[in-house]
Every structure is written in C-alpha cells, then in structure tokens.
Amino acid sequence: MALLSAQHAVLLMGDGVYLAPHLPELRCRCYIYSLDATVRGIRNYEQQLADDTMLVTLSHTHSPWVVW
C-alpha cells in the first residue's frame with residue numbers, strides 16, 4: 001500500500017468492501033463496488049461507489065490489475 005500513488009486506483013469488491021471504513025487515507029483513488037456494498041449492508045464509506053460502468057472504465061484505464 002505504501003507504493004500506491006495518485007495514478008493508482010483501489011477497488012474493493014466482494015468481502016473486501018468490509019475494509020472500506022477501515023482504510024487509512026491512501027494517496028490513490030479508492031472505489032467500492034456498489035453491488036457488493038449493498039448486498040453486505042455497507043452504508044458508511046468514504047470511497048467513491050463504482051457501478052458496472054465504472055468497473056469497465058477502471059479496467060480499461062488501469063492495467064495491469066493486481067488482485068488480492
């Protein structure tokens with residue numbers, strides 16, 4: 001996480017959305033996949049919501065993807 005910069009983006013998906021309220025302020029853009037947040041009842045988050053359209057946009061804008 002220390003290597004992230006303003007040109008990077010982090011997208012929380014699946015159970016990763018539970019981390020949204022606990023992420024420290026990062027120097028990169030942070031997104032939370034809205035469908036996964038809704039399904040898991042996550043409502044309090046500071047990250048920008050990402051819908052399917054944003055997911056496609058992020059995948060075209062940021063390459064390669066690193067999945068943890």
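The entries below go from the overall fold to the core, the charged pairs and the surface.

**Entry 1: the fold.** A reminder to myself before anything else: this is a predicted model. I looked up the secondary structure and found two helices and three strands. Walking along the sequence, I wrote down the order as β-β-α-β-α. Next I checked how compact the protein is: its radius of gyration is 11 Å, close to the 11 Å that the globule rule gives for 68 residues, so the protein is as compact as a globular protein of that length. Along the principal axes, the C-alpha atoms fill a box of roughly 30 × 25 × 20 Å.

**Entry 2: burial and contacts.** I asked for the buried share and got 29% of the 68 residues. The protein exposes about 5,000 Å², and carbon and sulfur atoms supply 57% of that area. I also looked at contacts between residues at least 6 apart in sequence; 27% of these join residues at least 24 apart.

**Entry 3: the cores.** Which residues make up the largest nonpolar core? I listed twelve: Leu4, Val10, Leu12, Val17, Ala20, Leu23, Leu26, Cys28, Cys30, Ile32, Ala37 and Ile42. Two elements give two or more residues to this core, namely strand E1 (9-12) and strand E2 (29-33). There is also a second, separate core of five residues, which includes Leu11, Tyr31, Ala50 and Leu58.

Leaving out residues up to four places away in sequence, Leu4 touches Val10, Leu26, Arg27 and Cys28.

**Entry 4: the salt bridges.** How many salt bridges are there in the whole structure? My search gave two. In one of them, the side chains of Arg40 and Asp15 meet at 2.9 Å, N to O. Arg40 lies in the loop between helix H1 (34-39) and strand E3 (48-50), and Asp15 in the loop between E1 and E2, so the pair ties together parts that are 25 residues apart in sequence.

Arg40 also forms a salt bridge with Asp36, where the closest N and O atoms are 3.6 Å apart.

Asp36 is buried, with a relative accessible area of 13%. Arg40 is partly exposed at 26%, and Asp15 counts as exposed at 54% relative accessibility.

**Entry 5: after helix H2.** I finished with the segment that follows helix H2 (52-61). Setting aside neighbours within four places in sequence, His62 is in contact with Gln7, His8, Ala9 and Arg29.

Val66 is found in the segment after H2 too, and here the relative accessibility is 65%, so Val66 counts as exposed.

Key
Residues are numbered from 1 along each chain as its sequence is written. This is a predicted model: local features need pLDDT of at least 70, side-chain atom pairs count only at pLDDT 80 or more; totals for chains, interfaces and linings use all residues. Side-chain values use heavy atoms; hydrogens and water are left out. Helices (H or I, at least four residues) and strands (E, at least two) are DSSP runs, numbered from the N terminus. Buried means under 20% relative accessible area, exposed over 50%, partly exposed in between (1.4 Å probe, protein chains only). Contact means heavy atoms within 4.5 Å. The radius of gyration is taken over C-alpha atoms; the globule rule is 2.2 Å times the number of residues to the power 0.38. Accessible areas come from the Shrake-Rupley method with a 1.4 Å probe; for residues, only the protein chains shown count as cover. A nonpolar core is a set of buried Ala, Val, Leu, Ile, Met, Phe, Trp, Tyr and Cys residues joined through side-chain atoms within 4.5 Å. A salt bridge is a side-chain nitrogen of Lys or Arg within 4 Å of a carboxyl oxygen of Asp or Glu.
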